[in-house]
Amino acid sequence: MNLPEQPSTFRAPTAAERPWWWRLEDASGTEVTLGADAPADLVDQRFTSQADAESWVGETWAELAEHGVDAVTLFELERRVYGPMSLHA
């Protein structure tokens with residue numbers, strides 16, 4: 001059975017629709033790109049609200065640290081909101 005193509009309502013959200021994101025950084029403040037071995041739910045995440053972004057980092061900080069992330073900085077589109085915030089105790 002062939003299924004029809006997905007309707008346009010299932011398109012990926014735009015940056016304007018999900019303006020909140022975390023820049024992942026190493027100890028020197030350089031942006032970190034997670035490797036192919038990182039789970040998909042850690043890569044290129046964007047959020048509709050600051051609260052959603054903060055909840056996500058609260059749930060994933062230990063896993064991010066395991067993949068070489070030392071700190072995170074929160075952005076709304078291109079505006080830096082705060083950070084860097086260390087992921088180490």
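**Views of a predicted 89-residue chain**

**View 1. Overall dimensions of the chain in the predicted model.** The radius of gyration of the chain is 15 Å, whereas a compact globule of 89 residues would have a value near 12 Å. The model shown is predicted, and the C-alpha trace of the chain spans about 50 × 30 × 20 Å along its principal axes.

**View 2. Secondary structure and contacts along the chain.** The chain contains 1 helix and 4 strands, and these elements follow one another from the N terminus in the order β-β-α-β-β. Among the contacts in the chain with a separation of 6 or more, 60% are accounted for by residues 24 or more positions apart.

**View 3. Burial, surface and charge.** Of the 89 residues in the chain, 27% are buried. The chain exposes about 6100 Å², of which carbon and sulfur atoms supply 52%. The side chains of the chain include 6 positive and 16 negative ones, and the centres of these two sets lie 10 Å apart.

View 4. E25 belongs to strand β1, which covers residues 20-25. The relative accessible area of E25 is 2%, and because buried means under 20% relative accessible area, E25 counts as buried. When its neighbours within four places in sequence are left aside, E25 is in contact with T30, E31 and V32, with G68, V69, D70, A71 and T73, and also with P84.

Terms used: Residues numbered from 1 in each chain as written. Predicted model: local features only at pLDDT ≥ 70, side-chain atom pairs only at ≥ 80, totals over all residues. Heavy atoms only, no water. Helix = DSSP H or I, 4+ residues; strand = E, 2+ residues; numbered from the N terminus. Rg over C-alpha atoms; globule rule 2.2 N^0.38 Å. Buried < 20%, exposed > 50% of the residue type's maximum accessible area, 1.4 Å probe, protein only. Contact = heavy atoms within 4.5 Å. Areas by Shrake-Rupley, 256 points an atom, 1.4 Å probe, with all protein chains shown as cover. Lys, Arg positive; Asp, Glu negative; His and termini not counted. Charge placed at Lys NZ, Arg CZ, Asp CG, Glu CD.
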